[in-house]
Amino acid sequence: MFELNGNRFQYEPSVIFHSDDNWQYGREPILRRLPDGSLVSLIYAGGPSEPHDENVVLITRSVDDGATWTKPEILFSHDARGVWATEMFTEGPRPFIIFYTLDAASHYLDLHAFRSFYDSATATWTEPSSMPSGLHSVNYRQGVVLADGSWLFPVYWEEVLTGFNWQKEGKGFKPHDGWQFIAGAVRSEDQGKTFSNHGYLKDERFLWEPNLVEVSPNHIVMLMRAEGTPWKYRSESLDGGRTWSPAVQSDIPCANSKITLLKWGERTILIHNPSDVPGWDHRTSLEIWVSDDGCKTWPIKRVLAKAVAPKQVLCYPHGFIDQASETLYVAIDGVTAFYLCKVPLADLS
């Protein structure tokens, strides 16, 4: 085990980001490898908290496979609204980032989704433009390329059922009981030129931060965070994400935190906080689970990292599988620091 900043890691960590006088915290790392081989991570930061109208998207880069990282720089900001990124899609002809502007006073109701493409020739990002097909008010999560070549992104959005005339109160806005997160999926069959929305996964609890994996051709499994319950919710599609079964409680514990699902050959990797008690204080252990039967059972379970110092958390994992080196790359959110761990796939057999 390796110890760093009051945390224990199964694999030697490198520090992607650390808070300083400019950036007091960071949230939700997004980790990807660009076509030139460098690693990049996006950081949700700025202002005293999130959501906040001073939030920005930072970017940091590593040219030595994650050993060292550049000083974070502002990639996207807005003079009047907060900015937040949740996906960098690198599976198409041109990598692109999906990010949002938001009005923090309305929690996450008022999102506008943009995308910006990477220009390999200049190593810069293009002027942001709205997500196409009118689908710019949903929150996009980690996309996948299906067996038939289609792109599929798990998404969620916030709906107002009651509480239309909400008011700003105190230092922030708390959603009304009549505000609810709904999950679904967005497909593209033309490599991102157009998109279509599918599914309406709803429960008495918020269903949000979904992730999905294609366990066999056209058979998709989606797992979601269900607010206030210690279990992940599950839905399945048998037609490539066009239609979905009702969301039901699974037997996978959840600390009410983001997860990551990755396809590894015929197997599925799940990275998550497996606490059966929901809440921020229980985001202290990150584990890697492996399934070989379509996410029905998880016979392989490995502890990746554990927070041992008081008030520390390790959560919001994000990453990818490097096929060439047969390595799982995982970025970990520690709020005041982000960490990178590289896990040999052989250790998960």
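1. Searching the whole structure turns up zero disulfides. For Cys254, the closest cysteine sulfur is in Cys315, 11 Å away, which is too far for a bond. Cys341 also has Cys315 as the closest, at 14 Å between sulfurs, again too far for a bond. Cys254 is buried at 2% relative accessibility, and Cys341 is buried at 0% (buried is under 20% relative accessible area, exposed over 50%, partly exposed in between, with a 1.4 Å probe and protein chains only).

2. A word on provenance. This is a predicted model, where local features need pLDDT of at least 70 and side-chain atom pairs count only at pLDDT 80 or more, while totals for chains, interfaces and linings use all residues. Numbering runs from 1 along each chain as its sequence is written, and side-chain values use heavy atoms, with hydrogens and water left out.

3. Now Trp157. This residue sits in strand E15, residues 151-160 (strands, E, are DSSP runs of at least two residues, numbered from the N terminus). With a relative accessible area of 12%, Trp157 counts as buried. Setting aside residues up to four places away in sequence, the contacts of Trp157 include Ser137, Phe181, Asn197 and Tyr200 (contact means heavy atoms within 4.5 Å). The side chain of Trp157 also makes a polar contact with that of Glu159, at 2.9 Å (a pair of N or O atoms within 3.5 Å; within protein, one must be able to donate a hydrogen and the other to accept it, and residues adjacent in sequence count only if both atoms are side-chain atoms).

4. On to the rings: there are 23 aromatic pairs (rings of Phe, Tyr and Trp, the last by its six-membered ring, with centres within 6.5 Å; planes under 30 degrees apart are stacked, over 60 edge-to-face, the rest tilted). Phe153 and Phe195 have ring centres 6.1 Å apart and planes at 55 degrees, so this pair is tilted. That pair links distant parts of the chain, 42 residues apart: Phe153 is in strand E15, and Phe195 is in the loop between strands E16 (179-188) and E17 (196-201). Both Phe153 and Phe195 are buried. Trp289 and Trp298 make another tilted pair, with centres 6.4 Å apart and planes at 50 degrees; both are buried.

5. One cluster to look at on screen: ring pairs join Phe89, Phe96, Phe117, Tyr140, Trp151, Phe153 and Phe195.

Note on methods. Helices (H or I, at least four residues) and strands (E, at least two) are DSSP runs, numbered from the N terminus. A disulfide is a pair of cysteine sulfur atoms within 2.5 Å.
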